[in-house]
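Thank you all for making the time this morning. I would like to walk through one structure with you, beginning with a charged residue and ending with a helix.

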Amino acid sequence: MNENKAIERIPVIVITGFLGSGKTTLLNSLLKAAPKSAVIINEFGSTPIDQQLLRDHKVPISVLAGGCLCCQVRGSLTPVLKNLRMAWDANNSHASSQLADGIHTIPGDKPFDRVIIETSGVANPEPVLDTLLRERWLSARYHLHGVITTVSATTGAESLERFTEAKAQLGWADTVALTHSDLASPTQLAAASIWLDKLAPSYARLNVVQGVVEPDLILGLSKKIIPLGQLQNDVEHRFNSISLQLDDPIAWPRLQIALESLLNKHSQHLVRLKGVIFTPEHPEPLLIQGVSNKLYQPVRLPFRSTDDGKGRLVFITEGDVSSLAEDLMAIFRKT
């Protein structure tokens, strides 16, 4: 490479926000408007689920599971970004390259225009920014385009009051995406606004309904430089994840009763539920999501040839709820 030639830097958008605040829904909507994007998804827990929501998009997706980017998975981000950049650079040569999920690129054509990183719902985004801005090789080839933090209008006030992680995510934002406003009561909206006025009075705010937002409001962000060290990375996680696999299809009404009972019993500790299950009636999988003590209406996902017919549920808890799996099995036996 000609050392005198300026290196083109790839923009990076970081989407962060607390558990159940609508990060993946926002990402899904954004990819419809900006399909030429590479995506890095970080999930807390050993069973990744969020990429199932993106199955309609033909984009290179890298999944970092088993922890969050501010903890044990932090060291995994750098090699993923390096591999993406090398694939991007390879298109200046005469050879084609292959990205994640078997996606091939055409020589001379950029495989993607930007990288979007979706952090875990319990992650402090500071280490992501630290990696991008302080690692010399990466900082010469990527630039931070913006940090979007999702805050749910229905549960945001409670999350910001209870969890240091939620405050840290908001503290690093350039833009706040207020989600679920169509589902929130006036009291919930007012409570969320009070917290945002207190912690993010000068940030741009976007009202996001069902993940829909004007793409230019995000893609056209003007990045404000946040001096590292403004916040201390002193978040001590109190979270655990429990993963369950369902080898056989299960009727949704039966599972619904079991999950609602579980959410009610562990309402103080069970902060997030998500999963993909299969039912006897349909070949398409069913996406399951819940937060705190609320179970959302399930959504049918398109069938893929790689679906193995095994259901997977992930529960994220505050503190140790080791009896959760046993409780679920006991509920199944009764229904």
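How exposed is D247, in terms of relative accessibility? Before I answer, please keep in mind that this is a predicted model, in which local features need pLDDT of at least 70 and side-chain atom pairs count only at pLDDT 80 or more, while totals for chains, interfaces and linings use all residues. Residues are numbered from 1 along each chain as its sequence is written, and side-chain values use heavy atoms, with hydrogens and water left out.

D247 has a relative accessibility of 47% and therefore counts as partly exposed, where buried means under 20% relative accessible area, exposed means over 50%, and partly exposed lies in between, using a 1.4 Å probe and protein chains only. The side chain of D247 meets that of K310 in a salt bridge, at 3.6 Å from N to O, and by salt bridge I mean a side-chain nitrogen of Lys or Arg within 4 Å of a carboxyl oxygen of Asp or Glu. D247 sits in the loop between strand 8 (239-246) and helix 9 (252-265), and K310 in the loop between strand 12 (299-300) and strand 13 (311-318), so the pair ties together parts that are 63 residues apart in sequence. Helices (H or I, at least four residues) and strands (E, at least two) are DSSP runs numbered from the N terminus. K310, at 29% relative accessible area, is also partly exposed.

Across the whole structure, the search finds 6 salt bridges. One of them joins K110 to E8, with the closest N and O atoms 2.8 Å apart. This pair links distant parts of the chain, since K110 is in the loop between helix 2 (74-90) and strand 4 (114-118) while E8 is in the segment before strand 1 (10-17), 102 residues away. Both partners are partly exposed, K110 at 35% and E8 at 42%. A further salt bridge connects D308 with R312, where the closest N and O atoms are 2.6 Å apart; D308 is partly exposed at 43%, and R312 is partly exposed at 26%.

Turning to the rings, how many aromatic pairs does the search of the whole structure find? It finds 1, counting rings of Phe, Tyr and Trp (its six-membered ring) whose centres lie within 6.5 Å, with planes under 30 degrees apart called stacked, over 60 edge-to-face and the rest tilted. The rings of F18 and F163 have centres 4.6 Å apart and planes at 20 degrees, so this pair is stacked. F18 lies in the loop between strand 1 and helix 1 (23-33), and F163 in the loop between helix 5 (156-162) and helix 6 (164-171), 145 residues apart. F18 is buried at 6%, and F163 is buried at 2%.

V291, in strand 10 (residues 286-291), is buried as well, at 4% relative accessibility. Leaving aside its neighbours within four places in sequence, V291 is in contact (heavy atoms within 4.5 Å) with L19, G20, V271 and Y296. V291 and F315, 24 residues apart in sequence, have their C-alpha atoms 9.8 Å apart in space.

Lastly, why do I describe helix 3 (residues 126-134) as largely enclosed by the rest of the structure? Because 7 of its 9 residues are buried, namely E126, P127, V128, L129, D130, T131 and L132.
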